[in-house]
Amino acid sequence: MKVTGEAFGPRLRTALDALRLGMRAVDSAIARPLHPGLEVLAGLLADRAIPRRQSGSRLQRAYPAGGVCLHGTGLHPGLMVEQVLLRMTALLDEVHEVRFLEVGDLSAAPDGMWGGLESLGFGMPLPAVDSGHAIGLMQHFYFDAVLGDVAHALYGAWSDAVRVERHLYPVPARVRVRAGGTVVEPGTVGAIHMIYRGYLGDHLFMTNEECWHVGQGNAHLGQDHPSSPAGGHVITLDGHPGTIEMRNEMDAEAYSADWSAVTDISVAAMLGVVPELCAAPPGVVMPDLRPHYLLESS
């Protein structure tokens with residue numbers, strides 16, 4: 001699960017080289033005027049490869065007919081948004097706006113993940129990364145779905161009513177870091193801050209921010225960020241009768257890059273739900289966000 005590149009078998013290196021060249025071509029100065037059309041095309045191609053926008057009613061019919069259960073989980077949005085953030089909103093009578101911020105160190109990422117750190121923009125000159133960079137195009141369709149999920153859960157809106165605005169900016173590296181096959185020199189892109197804002201009409205209902213860096217010495221820690229260079233999360237809920245903030249910060253001194261949060265947390269969540277899935281009737285199984293209570297026993 002941690003190293004997914006083996007899906008290509010002996011063609012892995014060829015596939016990664018082709019992906020890297022393709023992303024560089026998309027991000028070249030010549031291709032910049034074509035980005036709006038390329039973004040639409042990328043969405044269509046992604047829909048063909050991973051039909052993420054298929055109607056829920058089709059799934060609800062298919063899995064009972066096949067006699068199986070479907071359940072999806074993950075670090076984000078499966079855990080941090082669909083479980084933590086949305087459960088916290090139940091503490092408010094009204095939710096006006098939510099903000100999710102994730103800070104993470106990618107220095108331990110497998111060299112083949114997403115085509116390599118260099119393909120994501122790390123170690124490149126600062127002008128090479130902006131809101132139209134390939135990493136923004138890759139992540140937009142994913143965070144677009146995250147914002148759509150929150151809009152539906154909080155306001156009953158469908159995803160086609162959500163307007164998403166994207167803004168990316170690079171942060172220069174302070175120290176030299178070698179991560180796999182990528183070398184990040186001081187002054188090149190050492191961190192990338194991605195901001196995805198979701199609107200329903202003129203109402204900004206959610207801001208999803210991802211701030212990724214390579215090496216703790218290159219962590220971009222703003223005033224409202226987790227204070228740990230190892231990474232963490234900040235969730236802010238604004239509503240009635242007040243505002244709620246949750247901070248999750250890793251211990252930088254005890255942090256080891258030999259683990260993968262996505263793998264470890266996702267796998268633990270999947271193993272934990274196996275007994276319930278085996279006992280459940282066929283169909284699509286979703287998290288139950290309603291409060292649960294246990295009787296106190298002496």
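1. A charge sits over a ring if NZ of Lys or CZ of Arg is within 6 Å of the ring centre and within 35 degrees of the ring normal. This chain has such a case: the charged end of Arg 163 lies over the ring of Tyr 199, 4.4 Å from its centre.

2. A word on the basis of this note. The model is predicted, so local features need pLDDT of at least 70, side-chain atom pairs count only at pLDDT 80 or more, and totals for chains, interfaces and linings use all residues. Residues are numbered from 1 along each chain as its sequence is written, and side-chain values use heavy atoms, with hydrogens and water left out.

3. Confidence. pLDDT is the predictor's confidence in each residue, from 0 to 100. The chain averages 82. Of its residues, 81% score at least 70. Over residues 1-5 the pLDDT is below 50. Beyond near neighbours in sequence, that stretch has 9 contacts in the model (contact means heavy atoms within 4.5 Å). Among the elements, helix 2 (residues 35-49) has the lowest mean pLDDT, 69. Strand 6 (residues 189-200) has the highest, 95.

4. Overall make-up. The chain has 6 helices and 10 strands. These are DSSP runs, numbered from the N terminus: helices are H or I, at least four residues, and strands are E, at least two. Buried residues make up 38% of the 298 residues. Buried means under 20% relative accessible area, exposed over 50%, and partly exposed in between (1.4 Å probe, protein chains only). Take the contacts between residues at least 6 apart in sequence: 69% of them join residues at least 24 apart.

5. Salt bridges. The rule asks for a side-chain nitrogen of Lys or Arg within 4 Å of a carboxyl oxygen of Asp or Glu. The count comes to 6. One of them joins Glu 209 to Arg 99, with the closest N and O atoms 2.6 Å apart. The two residues come from distant parts of the chain: Glu 209 is in strand 7 (residues 203-213), Arg 99 is in strand 2 (residues 94-105), and 110 residues separate them. Glu 209 counts as buried because its relative accessibility is 8%. Arg 99 also counts as buried, at 17%.

6. With a relative accessible area of 35%, Asp 224 is partly exposed.

7. The side chains of Arg 247 and Glu 249 meet at 3.8 Å, N to O. Arg 247 is partly exposed at 38% relative accessible area. Glu 249 is partly exposed at 35%. Shared partners join Arg 99, Glu 209 and Asp 224 into one network of salt bridges.

8. Thr 182. This residue is in strand 5 (residues 182-184). Thr 182 counts as buried because its relative accessibility is 6%. Its side chain reaches the backbone nitrogen of Glu 118 at 3.4 Å. That is a polar contact: a pair of N or O atoms within 3.5 Å, where within protein one must be able to donate a hydrogen and the other to accept it, and residues adjacent in sequence count only if both atoms are side-chain atoms. Leaving aside neighbours within four places in sequence, Thr 182 is in contact with Leu 117, Glu 118, Phe 122 and Val 177.

9. Aromatic pairs. Rings of Phe, Tyr and Trp (its six-membered ring) pair if their centres lie within 6.5 Å; planes under 30 degrees apart count as stacked, over 60 as edge-to-face and the rest as tilted. The whole structure has 2 such pairs. Phe 143 and Tyr 196 form a tilted pair, 4.8 Å centre to centre, with 45 degrees between the planes. Phe 143 is in helix 5 (residues 134-155) and Tyr 196 in strand 6, 53 residues apart. Phe 143 is buried at 1% relative accessibility, and Tyr 196 is buried at 0%.

10. The edge-to-face pair. Tyr 155 and Phe 205 stand 6.0 Å centre to centre, with 75 degrees between the planes. Tyr 155 is in helix 5 and Phe 205 in strand 7, 50 residues apart. Tyr 155 counts as partly exposed, at 30% relative accessibility. Phe 205 counts as buried, at 0%.
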